[in-house]
Amino acid sequence: LPAHSTPRGPAMCCKRWSLRQGRCRHRGVWGLAAVLAAHCRGHAVAASVWAADGHGEAIFGWSEAWRSGDLRTPATVVHFDSHADMAMPRPLNASASSLELAARTEINDFVTAAVALGIVDRVVWVRPEWAIEHEHGHFRYALALDPAVGAFVSDAPFAMGLQRSPEVVGALPGARHFELEVIPFSQESLDVLASQLQPQSFILDVDLDTFATENHGCRNLRRDANLTVAEIQRVVACACEQGLSDAEWDAYACGDRQASGWPLRAELLARAGALSKGAVEDSLALLCGQPVRYSSEADVEVGVNMLVSWVQRLQGAGTLPGVVTVAESTDGYLPPQYLDRLRPVAGKLADALGVGPPTWVPCTRCVALSIVNDLEVPIEVFWVGDKEDGPAEGGLTEGRAPPVLVASLAPGAREQMDSFSGHAFDFRADAEGAQPQFRRGLVHFGAQRQELRLSALLEATPQHPSEL
């Protein structure tokens, strides 16, 4: 790449780079060069269908269509997903480039980021039956930047610790009001929706985890405790659907709560090997907060066919979207066994609309990260977000999600993972007979391959208060 269009170039025209929690998959240097060169010349990149891994990348394609005039705004986003993706975004600058906007959004807040920018004023969430965040229906919400806290606040339930009353949000300067319609993923609902859409006035946004999904708790139990899909489903049925309390987990067996049943906690601890009891507990705590669905092959086929045939009918009626985005969400959301079957969906949608093949959204801040435990004690690794969130001082910051356990490393072990420049990790070392020690490590900007050695981190950084 020419120096002016790369992250390392001395005259870098685009100074912020894409950040999300997801897997990086480069699809060719020349495609990336074209995107960056167009931005440095001040031109939009023409594409009708964009594909990415991390779902937060979708706002890149939306911004491109907005700037080129292909999308009439404020628009409706038709959001096929197992998650709402409507947490509160960071403060945004509408004059920023599409790459810069993508650098400021995450997988769970890009929809509300588009609302804050005025790109979107109506969200239609096509919600599969296993999603758990919001009931069906039609709702009106608002969000606004609150100068008192330096963050966006909203009356929507997705705002978590940043939720305020409608009166408070509406009184803030620049408040954006938007509609949320939550509908089931069914043929009847899609037929009604089609009659409400106007050409080039809506975004078609699809996350492949619409068809099957898991969460980081499932991923950790599958990877670290070697549980099968059937066993994870049994754990979810016991821990989440039956609402088994901590005390009951210790006193009863899972499922029928009889001695002949499955002793859940003891079984998991026995299967976990080097995984500590705390790591097992952390994985179980993540299990019920987000949806889990391991769909049958037949159910996946029915869902995909329903989506594609609906888009074909839209095309036949001349009701074309302004832009289409498709996300693979492979890091902890789409179970890996479904990827090969679902990856062609973006191409099928492009064919249904009669446009060219999908363009892969470049990930310019992806880092292949190697974490090396060269200490004599086991280490647990937690993803805690972006370094801009800062270290937690005596507890979680307002509106911030809890840390996510991503690895447990025995002495001498190495963990390879896909990460992003600017991401922060907390490391917990549990030496026998001693208080746990905590250190925070950052993924730096620049090199696309980086290594974090725990011994160097232990010597270079002081222990800090941690939420872990």
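Residues are numbered from 1 along each chain as its sequence is written, and side-chain values use heavy atoms, with hydrogens and water left out. Because the model is predicted, local features need pLDDT of at least 70 and side-chain atom pairs count only at pLDDT 80 or more, whereas totals for chains, interfaces and linings use all residues.

Helix α2 (residues 58-68) packs with helix α4 (residues 110-117) at an angle of about 25°, their axes lying 10 Å apart; helices here are DSSP runs of H or I with at least four residues, strands runs of E with at least two, numbered from the N terminus, and axes are lines fitted to C-alpha atoms, for helices over the stretch in contact, with angles from 0 to 180 degrees between N-to-C directions. The two helices α2 and α4 are therefore roughly parallel to each other, a term for angles under 35 degrees. On the α2 side the contact (heavy atoms within 4.5 Å) is made by Ala58, Ile59, Trp62 and Trp66, and on the α4 side by Phe110, Val111, Ala113, Ala114 and Leu117.

Strand β10 (residues 366-372) runs antiparallel to β13 and is joined to β13 by seven bridges, and Val372 has Arg414 of β13 as its bridge partner.

Conventions: Angles under 35 degrees count as roughly parallel, over 145 as roughly antiparallel, 65 to 115 as roughly perpendicular and the rest as oblique. Two strands pair if DSSP finds at least two bridges between them.
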